[in-house]
Amino acid sequence: MRELTFREALNEALDEELARDPNVFLMGEEVGAYDGAYKVSRGLLKKYGPKRVIDSPISELGFVGLGVGAAMMGLRPVIEVMTWNFALLALDQIANTAAKMRYMSGGALSCPITIRGPNGAAHSLAAQHSQWFEPQYAYYPGLKVIVPGTPADAKGLLKSAIRDPDPCIFMESELLYPTKGLVPEGEYLVPIGKADIKREGKDCTVVAWGRALGIALEGAEMLAKEGIDCEVVDLRTIRPLDEETLVQSVRKTGACVILEEGWPYFNAGAQISDIVQRACFDILDSPVIRVTGADVPMPYSKALEKLARASAESVVAGVKVALNVRS
Amino acid sequence: MAQRTNSLAEKLDREALLKMYRQLVLIRRFEERCAQQYSLQKIAGFCHLYNGQEAVAVGVEAAMRPDDYLVTAYRDHGQVLARGTPPGPVMAELFGKATGVAKGKGGSMHLYDIPRNMYGGWGIVGAQIPLALGMAYASKYKGEDRVTVCLFGEAAVNQGAFHEALNMAALWKVPAVFICENNRYGMGTPITVSSAVTDVYKRASAYDIPGVWCDGMDTLHTYEVVYEAVERARRGEGPTLIEARTYRFRGHSMSDPGTYRTREEVEEERKKDPIPKLRAFILSKKRAKEEELDQIHEEVEKEVEEAIRFADESPWPEPSELYTDVYVDPIWPEKVHA
């Protein structure tokens with residue numbers, strides 16, 4: 001293992017899958033000559049040529065639909081959306097076509113597409129470029145929604161997504177791209193739908209995914225200094241959701257805090273909370289606590305933006321509420 | 001420009017002409033019986049009949065190779081029958097039965113027959129156009145010489161999906177033919193109310209691809225124009241936009257009484273019925289006798305009757321089918337649904 005950035009880990013996954021399977025191609029805005037808007041596809045056009053790495057026009061509905069149609073015909077398209085904010089324009093092809101074609105055709109069709117790109121806020125990009133979309137896609141039966149939080153998971157899950165026979169929504173993060181971690185070399189697959197305990201602990205379960213994982217771990221370290229021992233469960237996949245690992249952890253610790261960066265209403269945390277309270281009602285000593293972003297469009301000003309975002313401090317506060325500990 | 005009739009239709013042999021005639025009659029009779037079965041509540045939901053537009057599906061089918069791909073919108077009964085799917089499983093799908101082409105999970109708007117290269121059956125206006133782009137893109141990617149033919153109504157050309165897909169289809173010269181079935185009404189809204197440009201074929205100029213129209217009430221003219229476009233695509237020369245000018249004799253769907261059209265207009269269009277038109281051609285060219293054509297009607301009558309019987313007697317889907325076909329790899333344990 002060597003240390004790679006999240007961005008390099010994704011690049012390596014794409015590189016390996018392009019090399020492995022001639023049916024894999026990468027298409028999206030700026031993925032080729034520009035090396036990717038966020039440089040995830042750096043060097044791939046040069047290595048694989050314009051048949052395999054294709055610059056698309058700015059037509060999200062059109063090129064996502066192209067990918068869905070090509071996947072229906074047995075290819076393995078990887079469609080990059082420059083950010084998930086722009087994929088709203090393609091939602092019809094994802095929710096109405098990709099997610100439903102297998103069911104509507106009675107199993108005659110399938111759609112092995114991977115649609116990927118950065119999700120969530122970076123810094124000072126204001127409301128239209130700072131949104132978390134995972135609950136929206138997790139709502140649709142037929143889709144799988146993958147949100148890795150470490151470079152190793154990014155590599156292993158992207159490779160699994162590309163090989164998966166069903167449509168996969170793969171959500172990255174601009175803020176994670178430069179972060180580093182140990183990543184296995186060569187063939188490394190992380191199964192879709194398996195959570196991972198990133199920090200073991202006995203007092204309280206903190207559930208997170210994607211970039212929120214780092215925030216949760218940071219909060220857990222702060223709490224450790226106060227003698228509170230958190231277990232951090234990284235869901236990694238929102239749909240399918242690894243209920244077993246989640247419930248086992250909460251049954252062990254007896255308390256649950258869910259950290260999500262997006263808005264509170266109808267976010268994934270609401271579903272997770274429902275699962276936890278039903279499975280762990282007998283052992284919970286306090287309600288499941290949700291730590292989220294503020295219920296407002298993201299403001300531009302740094303002064304306001306930081307107030308709108310979930311933080312390690314808010315995790316600390318949430319865990320103390322769950323454990324009924326006075327600050 | 002309107003592409004004029006050349007001699008292609010003249011070269012069609014007796015067998016090909018009788019096949020086309022049979023398809024027209026089958027679709028017409030199938031749809032008439034669908035209307036009846038709908039009123040008997042054997043068919044439910046949205047049901048968009050194809051009466052009047054049969055020349056398009058049949059002309060298109062004649063112009064395609066069996067291994068070419070077809071994709072269309074929700075007015076899809078005619079296309080799946082033209083591709084050769086037996087009427088029994090199609091009727092069974094409309095009845096919601098387990099023996100339907102999609103096991104009763106799709107219904108009227110979602111008819112598929114993948115072995116016959118019929119790829120649906122899609123319910124959102126214009127959404128099948130980017131899908132067709134991807135299908136044709138895949139053919140080019142794989143190096144196949146198979147063409148994708150995409151059908152859509154004239155209302156779909158005002159969707160962004162149409163323009164995005166045509167731009168990329170032209171840019172990358174994919175082997176696709178885009179055929180607009182212009183029946184002049186998007187549900188109840190006439191094209192003159194919805195579109196700044198009512199000659200749909202002219203929209204091809206925006207993407208510098210050929211734009212042609214054909215008489216969509218004339219099976220042979222449709223065949224000739226589509227054939228040219230399909231072969232052009234097969235030669236790698238890129239996509240064509242065809243406007244097939246047609247008319248639906250019935251309402252938009254079974255729930256539409258069609259009060260936005262005058263009785264005179266509908267009567268006038270009914271005079272252009274594609275079935276007598278092809279019949280007259282066949283008889284004038286002495287490719288078949290009256291009695292032979294009459295016999296086709298009789299055979300089709302029985303075939304559709306048999307399809308209804310098949311659908312009626314078929315079982316409903318098992319409750320266990322509710323959760324199948326959501327994923328290739330099922331993701332949820334059963335307990336979640338308990």
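Modeller: Chain A is divided by the domain assignment into domain 1 (2–183) and domain 2 (196–323); such bounds come from an automatic or database domain assignment. The model is predicted, so that local features need pLDDT of at least 70 and side-chain atom pairs count only at pLDDT 80 or more, while totals for chains, interfaces and linings use all residues. Residues are numbered from 1 along each chain as its sequence is written, chains are lettered from A and ligands numbered from 1 in the order in which they are written, and side-chain values use heavy atoms, with hydrogens and water left out.

The centres of domain 1 and domain 2 of chain A, taken over C-alpha atoms, are separated by 26 Å. To the contact (heavy atoms within 4.5 Å), domain 1 of chain A gives 30 residues and domain 2 of chain A gives 24 residues. The size of an interface is often given as the accessible area lost when the parts come together. Between these two domains of chain A the buried area is about 2100 Å², and carbon and sulfur atoms give 58% of it; buried area is the accessible area (1.4 Å probe) that two parts lose on being put together, summed over both. On the side of domain 1 of chain A, the most area is lost by A:Ser124, A:Trp132 and A:Val147, together 27% of what that side buries.

Polar contacts are pairs of N or O atoms within 3.5 Å; within protein, one must be able to donate a hydrogen and the other to accept it, and residues adjacent in sequence count only if both atoms are side-chain atoms. The elements giving two or more residues to the side of domain 1 of chain A that touches domain 2 of chain A are α6 (134–138), β6 (144–146) and α7 (151–163) of chain A. Helices (H or I, at least four residues) and strands (E, at least two) are DSSP runs, numbered from the N terminus. That side of domain 1 of chain A has 19 nonpolar, 8 polar and 3 charged residues, where Ala, Val, Leu, Ile, Met, Phe, Trp, Tyr, Cys and Pro count as nonpolar, Asp, Glu, Lys and Arg as charged, and the others, Gly among them, as polar.

A:Asp153 forms a salt bridge with A:Lys198, the closest N and O atoms being 2.7 Å apart. The side chain of A:Lys198 also meets that of A:Asp196 in a salt bridge (2.9 Å, N to O). A:Lys198 counts as partly exposed at 25% relative accessibility, and A:Asp196 is partly exposed with a relative accessible area of 26%; buried means under 20% relative accessible area, exposed over 50%, and partly exposed in between (1.4 Å probe, protein chains only).

A:Asn267 is placed in the loop between β13 (256–259) and α10 (268–280) of chain A. A:Asn267 is buried, with a relative accessible area of 6%, and its side chain reaches the backbone oxygen of A:Trp263 at 2.8 Å. Not counting residues up to four places away in sequence, A:Asn267 touches A:Pro135, A:Glu260, A:Gly262 and A:Arg290.

Conventions
Salt bridge = Lys/Arg side-chain N within 4 Å of Asp/Glu carboxyl O.
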